[in-house]
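Here are my notes on this protein. Please keep the structure open beside them and find each residue as it comes up.

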Amino acid sequence: MIELQGLTKRYGDKTAVDHLTFTVRPGVVTGFLGPNGAGKSTTMRMMLGLDNPTSGDVRIDGKHYAQLSEPLKYIGALLDAKAIHGGRTAYHHLLCMAQSNRIPRHRVDEVLETVGLSAVAKKRSKGFSLGMGQRLGIAGALLGDPEILMFDEPVNGLDPEGIHWIRNLMKGLAAQGRTVFVSSHLMSEMALTADHLIVIGRGRLMADTSMSDFIEKNSRSYVRLRSPQREQLKDVMAKAGHTVVETADGGFEVSDGDAATLGELAAKHQLVLHELSPQRASLEEAFMQLTAESVEYHAHGQVGGPPVGGPGAPARGAAGQPGAPAGAPPSAGSPYGGSPYGQSPYGPSPYAPGQAAPQGQGWQQPQQGGQGAPPQAPPAPPNAPEWGAQWRDQGKKKGH
Ligand SMILES: Nc1ncnc2c1ncn2[C@@H]1O[C@H](COP(=O)(O)OP(=O)(O)OP(=O)(O)O)[C@@H](O)[C@H]1O
Ligand SMILES: [Mg+2]
(Lines give C-alpha, C1' and ligand atoms only; values in the text may rest on other atoms or scores of the structure.)
(Ligands and ions follow the chains in the order given, each with its own letter.)
Protein backbone atom coordinates (compact mmCIF):
# COMPACT_ATOMS: atom_id res chain seq x y z
CA MET A 1 0.00 0.00 0.00
CA ILE A 2 1.23 3.50 -0.83
CA GLU A 3 -0.19 6.38 1.21
CA LEU A 4 0.15 10.04 0.32
CA GLN A 5 -0.81 12.75 2.75
CA GLY A 6 -0.81 16.36 1.54
CA LEU A 7 2.18 15.61 -0.67
CA THR A 8 3.53 18.81 -2.20
CA LYS A 9 6.57 19.62 -4.35
CA ARG A 10 7.62 23.07 -5.47
CA TYR A 11 10.44 23.88 -7.84
CA GLY A 12 11.02 27.61 -7.35
CA ASP A 13 7.66 29.23 -8.01
CA LYS A 14 6.37 26.16 -9.87
CA THR A 15 4.13 23.86 -7.84
CA ALA A 16 4.61 20.49 -9.51
CA VAL A 17 2.62 18.48 -6.95
CA ASP A 18 -0.03 20.20 -4.91
CA HIS A 19 -1.36 18.66 -1.69
CA LEU A 20 -1.97 15.17 -3.03
CA THR A 21 -3.73 12.84 -0.64
CA PHE A 22 -4.65 9.34 -1.84
CA THR A 23 -3.95 5.69 -1.16
CA VAL A 24 -2.86 3.11 -3.72
CA ARG A 25 -4.36 -0.21 -2.60
CA PRO A 26 -3.30 -3.80 -3.17
CA GLY A 27 -5.16 -6.27 -5.35
CA VAL A 28 -5.98 -3.92 -8.20
CA VAL A 29 -4.13 -2.10 -10.95
CA THR A 30 -4.32 1.62 -10.20
CA GLY A 31 -3.83 3.86 -13.22
CA PHE A 32 -2.18 7.24 -12.71
CA LEU A 33 -3.34 9.73 -15.30
CA GLY A 34 -2.72 13.37 -16.00
CA PRO A 35 -1.73 15.62 -18.90
CA ASN A 36 1.95 16.32 -19.66
CA GLY A 37 3.55 18.16 -16.76
CA ALA A 38 0.72 17.27 -14.34
CA GLY A 39 3.19 15.97 -11.77
CA LYS A 40 2.96 12.18 -12.17
CA SER A 41 6.68 11.46 -12.42
CA THR A 42 7.46 13.93 -9.65
CA THR A 43 4.95 12.15 -7.41
CA MET A 44 6.50 8.78 -8.23
CA ARG A 45 10.01 10.08 -7.56
CA MET A 46 8.89 11.29 -4.14
CA MET A 47 7.41 7.88 -3.40
CA LEU A 48 10.88 6.43 -3.95
CA GLY A 49 12.71 9.11 -2.01
CA LEU A 50 14.39 10.41 -5.17
CA ASP A 51 12.91 13.87 -4.57
CA ASN A 52 12.14 15.36 -1.18
CA PRO A 53 8.63 16.71 -0.70
CA THR A 54 8.35 20.42 0.04
CA SER A 55 5.63 19.39 2.49
CA GLY A 56 3.40 16.41 3.16
CA ASP A 57 4.28 12.79 3.41
CA VAL A 58 4.37 9.56 1.43
CA ARG A 59 4.70 6.10 2.97
CA ILE A 60 5.30 2.63 1.59
CA ASP A 61 3.56 0.10 3.84
CA GLY A 62 3.69 2.66 6.64
CA LYS A 63 7.37 3.57 6.21
CA HIS A 64 9.34 6.18 4.34
CA TYR A 65 11.31 4.68 1.49
CA ALA A 66 14.61 5.55 3.19
CA GLN A 67 13.56 3.47 6.22
CA LEU A 68 13.21 0.31 4.14
CA SER A 69 16.19 -1.97 4.42
CA GLU A 70 16.55 -3.83 1.11
CA PRO A 71 13.84 -1.69 -0.50
CA LEU A 72 13.68 -3.69 -3.75
CA LYS A 73 11.95 -6.40 -1.74
CA TYR A 74 9.15 -3.97 -0.84
CA ILE A 75 8.74 -1.86 -3.94
CA GLY A 76 9.95 -2.33 -7.48
CA ALA A 77 9.81 0.56 -9.89
CA LEU A 78 10.44 1.48 -13.48
CA LEU A 79 10.70 5.25 -13.75
CA ASP A 80 13.16 5.85 -16.56
CA ALA A 81 14.16 3.08 -18.92
CA LYS A 82 17.27 4.99 -19.99
CA ALA A 83 18.62 5.32 -16.43
CA ILE A 84 21.05 2.46 -16.96
CA HIS A 85 24.84 2.45 -17.17
CA GLY A 86 25.26 1.76 -20.89
CA GLY A 87 28.56 -0.05 -20.45
CA ARG A 88 27.03 -2.72 -18.24
CA THR A 89 25.41 -5.80 -19.62
CA ALA A 90 21.77 -6.45 -18.82
CA TYR A 91 22.88 -9.27 -16.55
CA HIS A 92 25.40 -7.17 -14.63
CA HIS A 93 23.01 -4.26 -14.31
CA LEU A 94 20.53 -6.55 -12.59
CA LEU A 95 23.19 -8.40 -10.62
CA CYS A 96 24.43 -5.11 -9.20
CA MET A 97 20.88 -4.24 -8.10
CA ALA A 98 20.36 -7.75 -6.69
CA GLN A 99 23.57 -7.74 -4.65
CA SER A 100 22.82 -4.34 -3.12
CA ASN A 101 19.57 -5.78 -1.77
CA ARG A 102 20.74 -9.30 -0.86
CA ILE A 103 18.64 -10.84 -3.61
CA PRO A 104 19.95 -14.26 -4.77
CA ARG A 105 21.81 -14.37 -8.09
CA HIS A 106 19.42 -16.89 -9.66
CA ARG A 107 16.70 -14.27 -9.50
CA VAL A 108 18.55 -12.26 -12.18
CA ASP A 109 18.22 -15.13 -14.64
CA GLU A 110 14.58 -15.57 -13.70
CA VAL A 111 13.58 -11.98 -14.35
CA LEU A 112 15.58 -11.84 -17.58
CA GLU A 113 13.62 -14.89 -18.69
CA THR A 114 10.36 -13.32 -17.52
CA VAL A 115 10.85 -10.18 -19.61
CA GLY A 116 12.24 -12.08 -22.60
CA LEU A 117 15.79 -10.72 -22.51
CA SER A 118 17.73 -13.91 -21.71
CA ALA A 119 19.22 -13.99 -25.19
CA VAL A 120 20.78 -10.54 -24.75
CA ALA A 121 21.71 -10.90 -21.08
CA LYS A 122 25.42 -10.50 -21.86
CA LYS A 123 24.90 -7.58 -24.21
CA ARG A 124 25.80 -4.06 -23.08
CA SER A 125 22.63 -2.06 -22.52
CA LYS A 126 23.81 0.94 -24.55
CA GLY A 127 22.93 -1.04 -27.67
CA PHE A 128 19.39 -1.69 -26.51
CA SER A 129 16.37 -0.31 -28.29
CA LEU A 130 13.80 1.68 -26.31
CA GLY A 131 11.58 -1.36 -25.91
CA MET A 132 14.47 -3.55 -24.76
CA GLY A 133 15.41 -0.87 -22.22
CA GLN A 134 11.81 -0.84 -20.98
CA ARG A 135 11.96 -4.60 -20.55
CA LEU A 136 15.19 -4.36 -18.62
CA GLY A 137 13.61 -1.71 -16.40
CA ILE A 138 10.64 -3.99 -15.80
CA ALA A 139 13.04 -6.82 -14.95
CA GLY A 140 14.63 -4.55 -12.34
CA ALA A 141 11.24 -3.77 -10.85
CA LEU A 142 10.40 -7.48 -10.55
CA LEU A 143 13.81 -8.47 -9.17
CA GLY A 144 13.05 -8.34 -5.45
CA ASP A 145 9.65 -10.06 -5.83
CA PRO A 146 8.08 -6.98 -4.21
CA GLU A 147 4.51 -6.56 -3.05
CA ILE A 148 4.35 -3.08 -4.56
CA LEU A 149 5.15 -2.28 -8.18
CA MET A 150 5.25 1.08 -9.81
CA PHE A 151 5.68 1.78 -13.52
CA ASP A 152 5.98 5.21 -15.13
CA GLU A 153 4.77 4.85 -18.72
CA PRO A 154 5.95 1.27 -19.09
CA VAL A 155 4.47 0.70 -22.52
CA ASN A 156 6.59 3.41 -24.18
CA GLY A 157 8.52 1.77 -26.96
CA LEU A 158 6.98 -1.66 -26.54
CA ASP A 159 5.67 -3.41 -29.62
CA PRO A 160 2.07 -4.71 -29.69
CA GLU A 161 3.07 -8.10 -28.30
CA GLY A 162 5.04 -6.37 -25.55
CA ILE A 163 2.08 -4.13 -24.68
CA HIS A 164 -0.16 -7.16 -24.45
CA TRP A 165 2.42 -8.93 -22.33
CA ILE A 166 2.84 -6.11 -19.82
CA ARG A 167 -0.91 -5.65 -19.56
CA ASN A 168 -1.26 -9.29 -18.54
CA LEU A 169 1.76 -9.03 -16.27
CA MET A 170 0.27 -6.09 -14.35
CA LYS A 171 -3.14 -7.68 -14.09
CA GLY A 172 -1.55 -10.93 -12.98
CA LEU A 173 0.50 -9.17 -10.30
CA ALA A 174 -2.58 -7.39 -8.99
CA ALA A 175 -4.54 -10.65 -9.02
CA GLN A 176 -1.87 -12.07 -6.71
CA GLY A 177 -2.77 -9.31 -4.24
CA ARG A 178 0.10 -6.97 -5.06
CA THR A 179 -0.16 -3.20 -5.31
CA VAL A 180 0.33 -2.05 -8.91
CA PHE A 181 0.57 1.66 -9.73
CA VAL A 182 1.06 2.61 -13.37
CA SER A 183 1.04 5.81 -15.37
CA SER A 184 0.33 5.95 -19.08
CA HIS A 185 -0.92 8.31 -21.73
CA LEU A 186 -2.29 5.43 -23.76
CA MET A 187 -5.91 5.65 -22.73
CA SER A 188 -7.13 2.65 -24.66
CA GLU A 189 -4.46 0.56 -22.97
CA MET A 190 -5.23 1.99 -19.56
CA ALA A 191 -8.92 1.23 -20.05
CA LEU A 192 -8.01 -2.44 -20.54
CA THR A 193 -5.54 -2.61 -17.65
CA ALA A 194 -6.58 -0.45 -14.72
CA ASP A 195 -9.40 -1.12 -12.27
CA HIS A 196 -8.96 2.11 -10.34
CA LEU A 197 -7.83 5.57 -11.43
CA ILE A 198 -6.02 8.47 -9.83
CA VAL A 199 -6.19 11.51 -12.08
CA ILE A 200 -4.20 14.68 -11.47
CA GLY A 201 -4.03 18.01 -13.27
CA ARG A 202 -1.49 20.75 -12.54
CA GLY A 203 -0.37 18.79 -9.51
CA ARG A 204 -3.83 18.55 -7.95
CA LEU A 205 -6.01 15.52 -7.40
CA MET A 206 -8.94 15.51 -9.83
CA ALA A 207 -10.31 12.00 -9.41
CA ASP A 208 -9.74 8.94 -7.22
CA THR A 209 -12.33 6.45 -8.39
CA SER A 210 -13.03 3.18 -10.17
CA MET A 211 -12.62 3.04 -13.94
CA SER A 212 -16.34 2.60 -14.57
CA ASP A 213 -17.33 5.46 -12.24
CA PHE A 214 -14.79 7.71 -13.84
CA ILE A 215 -16.13 7.16 -17.34
CA GLU A 216 -19.72 7.44 -16.20
CA LYS A 217 -19.22 10.66 -14.26
CA ASN A 218 -17.04 12.43 -16.80
CA SER A 219 -18.81 11.75 -20.03
CA ARG A 220 -22.24 11.73 -21.54
CA SER A 221 -23.81 8.52 -22.69
CA TYR A 222 -26.43 8.65 -25.41
CA VAL A 223 -28.38 6.52 -27.85
CA ARG A 224 -27.79 6.67 -31.59
CA LEU A 225 -30.80 6.18 -33.87
CA ARG A 226 -31.17 5.99 -37.63
CA SER A 227 -34.36 5.54 -39.55
CA PRO A 228 -35.54 5.84 -43.15
CA GLN A 229 -38.55 7.70 -41.64
CA ARG A 230 -36.27 10.36 -40.28
CA GLU A 231 -38.66 13.31 -39.94
CA GLN A 232 -41.46 11.23 -38.38
CA LEU A 233 -39.03 9.73 -35.88
CA LYS A 234 -37.74 13.17 -34.97
CA ASP A 235 -41.30 14.45 -34.39
CA VAL A 236 -42.25 11.45 -32.28
CA MET A 237 -39.16 11.79 -30.10
CA ALA A 238 -39.62 15.53 -29.69
CA LYS A 239 -43.33 15.14 -28.81
CA ALA A 240 -42.36 12.61 -26.14
CA GLY A 241 -40.13 15.28 -24.60
CA HIS A 242 -36.72 14.01 -25.76
CA THR A 243 -33.98 16.31 -26.92
CA VAL A 244 -32.91 15.12 -30.35
CA VAL A 245 -29.56 16.08 -31.84
CA GLU A 246 -29.17 15.50 -35.57
CA THR A 247 -25.86 14.13 -36.77
CA ALA A 248 -24.06 14.75 -40.04
CA ASP A 249 -24.66 11.15 -41.21
CA GLY A 250 -28.43 11.57 -41.07
CA GLY A 251 -28.95 9.96 -37.68
CA PHE A 252 -30.00 11.23 -34.27
CA GLU A 253 -28.48 11.23 -30.84
CA VAL A 254 -30.67 11.22 -27.77
CA SER A 255 -29.07 11.53 -24.36
CA ASP A 256 -32.20 11.74 -22.20
CA GLY A 257 -33.62 8.30 -22.84
CA ASP A 258 -32.42 4.71 -22.84
CA ALA A 259 -32.43 2.41 -25.87
CA ALA A 260 -35.37 0.34 -24.65
CA THR A 261 -37.65 3.36 -24.14
CA LEU A 262 -36.71 4.92 -27.46
CA GLY A 263 -37.06 1.63 -29.33
CA GLU A 264 -40.52 1.02 -27.90
CA LEU A 265 -41.56 4.54 -28.74
CA ALA A 266 -40.51 3.99 -32.37
CA ALA A 267 -42.34 0.62 -32.44
CA LYS A 268 -45.52 2.18 -31.05
CA HIS A 269 -45.56 4.53 -34.04
CA GLN A 270 -44.58 1.76 -36.44
CA LEU A 271 -41.38 3.48 -37.43
CA VAL A 272 -38.56 1.45 -38.92
CA LEU A 273 -35.20 1.72 -37.20
CA HIS A 274 -31.91 0.97 -38.93
CA GLU A 275 -29.91 1.70 -35.82
CA LEU A 276 -30.63 1.83 -32.10
CA SER A 277 -27.35 1.75 -30.26
CA PRO A 278 -26.40 2.90 -26.77
CA GLN A 279 -23.10 4.78 -26.90
CA ARG A 280 -20.75 4.99 -23.96
CA ALA A 281 -17.84 7.38 -24.00
CA SER A 282 -14.32 6.03 -23.95
CA LEU A 283 -11.81 6.60 -21.16
CA GLU A 284 -10.02 8.97 -23.51
CA GLU A 285 -13.11 11.12 -23.93
CA ALA A 286 -13.81 11.13 -20.20
CA PHE A 287 -10.18 11.99 -19.44
CA MET A 288 -10.11 14.85 -21.91
CA GLN A 289 -13.42 16.13 -20.62
CA LEU A 290 -12.16 16.21 -17.04
CA THR A 291 -8.69 17.55 -17.70
CA ALA A 292 -9.47 20.01 -20.51
CA GLU A 293 -8.91 22.94 -18.16
CA SER A 294 -5.70 21.63 -16.70
CA VAL A 295 -3.79 20.91 -19.90
CA GLU A 296 -0.74 23.18 -19.79
CA TYR A 297 0.96 22.32 -23.05
CA HIS A 298 -1.23 22.59 -26.11
CA ALA A 299 -0.18 21.64 -29.60
CA HIS A 300 -1.07 24.24 -32.23
CA GLY A 301 -2.18 23.84 -35.80
CA GLN A 302 -4.54 20.98 -35.04
CA VAL A 303 -6.85 20.22 -37.92
CA GLY A 304 -10.39 19.21 -37.08
CA GLY A 305 -12.89 19.86 -34.34
CA PRO A 306 -12.72 20.64 -30.65
CA PRO A 307 -10.51 18.44 -28.51
CA VAL A 308 -13.29 17.16 -26.29
CA GLY A 309 -15.30 14.35 -27.77
CA GLY A 310 -18.98 13.69 -27.38
CA PRO A 311 -22.03 13.56 -29.55
CA GLY A 312 -21.50 15.17 -32.89
CA ALA A 313 -17.81 15.81 -32.37
CA PRO A 314 -15.62 14.58 -35.17
CA ALA A 315 -13.43 11.63 -34.39
CA ARG A 316 -10.10 12.95 -33.17
CA GLY A 317 -7.34 12.64 -35.63
CA ALA A 318 -9.73 11.80 -38.42
CA ALA A 319 -10.06 15.15 -40.11
CA GLY A 320 -7.02 15.79 -42.18
CA GLN A 321 -4.51 14.45 -39.68
CA PRO A 322 -1.63 12.83 -41.42
CA GLY A 323 -1.45 9.28 -40.19
CA ALA A 324 1.32 6.75 -40.35
CA PRO A 325 1.23 4.95 -43.67
CA ALA A 326 -0.62 1.70 -43.34
CA GLY A 327 1.45 -1.38 -43.56
CA ALA A 328 4.78 0.42 -43.17
CA PRO A 329 7.56 -2.13 -43.24
CA PRO A 330 9.69 -2.71 -40.18
CA SER A 331 12.93 -0.79 -40.17
CA ALA A 332 15.90 -2.45 -41.75
CA GLY A 333 17.70 -2.69 -38.43
CA SER A 334 14.81 -4.42 -36.73
CA PRO A 335 15.76 -7.53 -34.81
CA TYR A 336 12.40 -8.99 -35.69
CA GLY A 337 13.00 -9.84 -39.30
CA GLY A 338 10.36 -9.47 -41.96
CA SER A 339 7.28 -10.18 -39.86
CA PRO A 340 7.76 -8.70 -36.42
CA TYR A 341 4.38 -9.63 -35.07
CA GLY A 342 3.65 -12.92 -36.75
CA GLN A 343 5.82 -14.73 -34.24
CA SER A 344 6.76 -13.18 -30.96
CA PRO A 345 10.42 -12.52 -30.39
CA TYR A 346 10.00 -12.44 -26.64
CA GLY A 347 8.58 -15.74 -25.64
CA PRO A 348 5.31 -16.37 -23.89
CA SER A 349 3.87 -14.27 -21.14
CA PRO A 350 4.50 -15.90 -17.79
CA TYR A 351 0.82 -15.47 -17.12
CA ALA A 352 -0.49 -17.18 -20.20
CA PRO A 353 -3.44 -19.37 -19.18
CA GLY A 354 -2.58 -22.95 -18.63
CA GLN A 355 1.13 -22.34 -18.49
CA ALA A 356 2.69 -22.88 -15.10
CA ALA A 357 5.23 -20.38 -13.83
CA PRO A 358 8.74 -21.79 -13.88
CA GLN A 359 9.77 -23.46 -10.66
CA GLY A 360 11.30 -21.19 -8.10
CA GLN A 361 10.52 -18.11 -10.14
CA GLY A 362 8.62 -16.55 -7.30
CA TRP A 363 5.68 -15.48 -9.44
CA GLN A 364 2.60 -17.56 -8.96
CA GLN A 365 0.26 -18.34 -11.77
CA PRO A 366 -2.86 -16.28 -11.10
CA GLN A 367 -6.08 -18.21 -10.65
CA GLN A 368 -8.03 -18.37 -13.84
CA GLY A 369 -11.59 -17.21 -13.87
CA GLY A 370 -11.21 -15.34 -10.60
CA GLN A 371 -11.72 -11.65 -10.21
CA GLY A 372 -9.07 -9.74 -12.05
CA ALA A 373 -7.88 -12.83 -13.89
CA PRO A 374 -5.85 -11.79 -16.91
CA PRO A 375 -7.42 -12.08 -20.33
CA GLN A 376 -6.36 -14.74 -22.80
CA ALA A 377 -2.84 -14.28 -24.02
CA PRO A 378 -1.95 -15.20 -27.58
CA PRO A 379 -0.49 -18.66 -28.17
CA ALA A 380 3.16 -19.02 -27.36
CA PRO A 381 5.41 -18.57 -30.37
CA PRO A 382 7.25 -21.65 -31.50
CA ASN A 383 10.73 -20.25 -31.90
CA ALA A 384 10.97 -17.49 -29.31
CA PRO A 385 14.53 -18.31 -28.20
CA GLU A 386 15.82 -17.27 -31.61
CA TRP A 387 15.17 -13.65 -30.81
CA GLY A 388 18.38 -11.87 -29.90
CA ALA A 389 20.52 -14.50 -31.60
CA GLN A 390 22.33 -11.83 -33.55
CA TRP A 391 23.48 -10.14 -30.34
CA ARG A 392 24.34 -13.41 -28.72
CA ASP A 393 26.58 -14.24 -31.67
CA GLN A 394 28.13 -10.77 -31.62
CA GLY A 395 28.76 -11.18 -27.93
CA LYS A 396 30.51 -14.50 -28.54
CA LYS A 397 32.74 -12.95 -31.17
CA LYS A 398 33.76 -10.22 -28.77
CA GLY A 399 34.35 -12.76 -26.07
CA HIS A 400 31.54 -11.68 -23.71
N1 LIG B 1 13.80 18.79 -11.43
C2 LIG B 1 12.90 19.69 -11.79
N3 LIG B 1 13.16 21.01 -11.75
C4 LIG B 1 12.25 21.92 -12.09
N5 LIG B 1 11.00 21.63 -12.50
C6 LIG B 1 10.68 20.34 -12.57
C7 LIG B 1 11.60 19.29 -12.22
N8 LIG B 1 10.98 18.11 -12.38
C9 LIG B 1 9.73 18.38 -12.81
N10 LIG B 1 9.55 19.72 -12.93
C11 LIG B 1 8.32 20.38 -13.34
O12 LIG B 1 7.27 19.82 -12.60
C13 LIG B 1 6.10 19.69 -13.40
C14 LIG B 1 5.63 18.25 -13.32
O15 LIG B 1 6.54 17.44 -14.06
P16 LIG B 1 6.39 15.86 -14.15
O17 LIG B 1 7.55 15.36 -14.91
O18 LIG B 1 6.16 15.33 -12.80
O19 LIG B 1 5.05 15.72 -15.00
P20 LIG B 1 4.38 14.41 -15.62
O21 LIG B 1 2.97 14.40 -15.16
O22 LIG B 1 5.22 13.24 -15.32
O23 LIG B 1 4.41 14.76 -17.16
P24 LIG B 1 4.58 13.78 -18.44
O25 LIG B 1 3.22 13.22 -18.70
O26 LIG B 1 4.99 14.71 -19.52
O27 LIG B 1 5.61 12.76 -18.11
C28 LIG B 1 6.48 20.16 -14.79
O29 LIG B 1 6.05 21.50 -14.94
C30 LIG B 1 7.97 20.07 -14.80
O31 LIG B 1 8.53 21.04 -15.65
MG1 LIG C 1 6.26 11.87 -16.47
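1. Start with how helix 2 passes helix 3: the crossing is right-handed. This is a predicted model, so read every value as computed from it. Helix 2 covers residues 90-100, and helix 3 covers residues 106-115. Their axes come within 9 Å and cross at roughly 130°. An angle over 145 degrees would count as roughly antiparallel. The two helices are therefore oblique to each other.

2. Now look at who makes that contact. Helix 2 supplies A90, Y91, L94, L95 and A98. Helix 3 supplies R107, V108, V111 and L112. By class, the contact has eight nonpolar residues, one charged residue and no polar ones.

3. Next, turn to helix 4, residues 130-142. The axes of helix 2 and helix 4 come within 10 Å and cross at roughly 25°. Angles under 35 degrees count as roughly parallel, and helix 2 is therefore roughly parallel to helix 4. The crossing of helix 2 with helix 4 is right-handed.

4. Which residues join helix 2 to helix 4? From helix 2 they are A90, H93, L94 and M97. From helix 4 they are L136, A139 and G140. This contact has five nonpolar and two polar residues, with no charged ones. Note that A90 and L94 of helix 2 also take part in the contact with helix 3.

5. Follow L112 of helix 3 next. Leave aside its neighbours within four places in sequence. L112 is then in contact with A90, Y91, L94, L117, S118, A121 and A139. A90, Y91 and L94 lie on the helix 2 side of the contact with helix 3, while A139 belongs to helix 4.

6. Now the nonpolar cores. In soluble globular proteins, nonpolar side chains tend to be buried together. Here the largest nonpolar core has 77 residues. L94, L112, L117, A139, L143 and M150 have the most contacts inside it. Which helix gives the most to this core? Helix 5, residues 160-175, does, with eight residues. Another core lies apart from the largest one. That other core has nine residues, among them Y222, L225, V254 and A266.

7. Finally, step back to the whole protein. Its secondary structure comes to 11 helices and 13 strands. Of its 400 residues, 38% count as buried. Take the contacts with a separation of 6 or more: residues 24 or more positions apart account for 70% of them.

How values were computed. Residues are numbered from 1 along each chain as its sequence is written. Chains are lettered from A and ligands numbered from 1 in the order in which they are written. This is a predicted model: local features need pLDDT of at least 70, side-chain atom pairs count only at pLDDT 80 or more; totals for chains, interfaces and linings use all residues. Axes are lines fitted to C-alpha atoms, for helices over the stretch in contact, and angles run from 0 to 180 degrees between N-to-C directions. Helices (H or I, at least four residues) and strands (E, at least two) are DSSP runs, numbered from the N terminus. Angles under 35 degrees count as roughly parallel, over 145 as roughly antiparallel, 65 to 115 as roughly perpendicular and the rest as oblique. A crossing is left-handed if the near helix is turned anticlockwise from the far one by less than a right angle, and right-handed if clockwise. Two residues are in contact if their C-beta atoms, placed from the backbone, lie within 7 Å. Ala, Val, Leu, Ile, Met, Phe, Trp, Tyr, Cys and Pro count as nonpolar, Asp, Glu, Lys and Arg as charged, and the others, Gly among them, as polar. A nonpolar core is a set of buried Ala, Val, Leu, Ile, Met, Phe, Trp, Tyr and Cys residues joined through C-beta atoms within 7 Å. A residue is buried if 20 or more other C-beta atoms lie within 10 Å of its own, exposed if 12 or fewer, and partly exposed in between; C-beta atoms are placed from the backbone.
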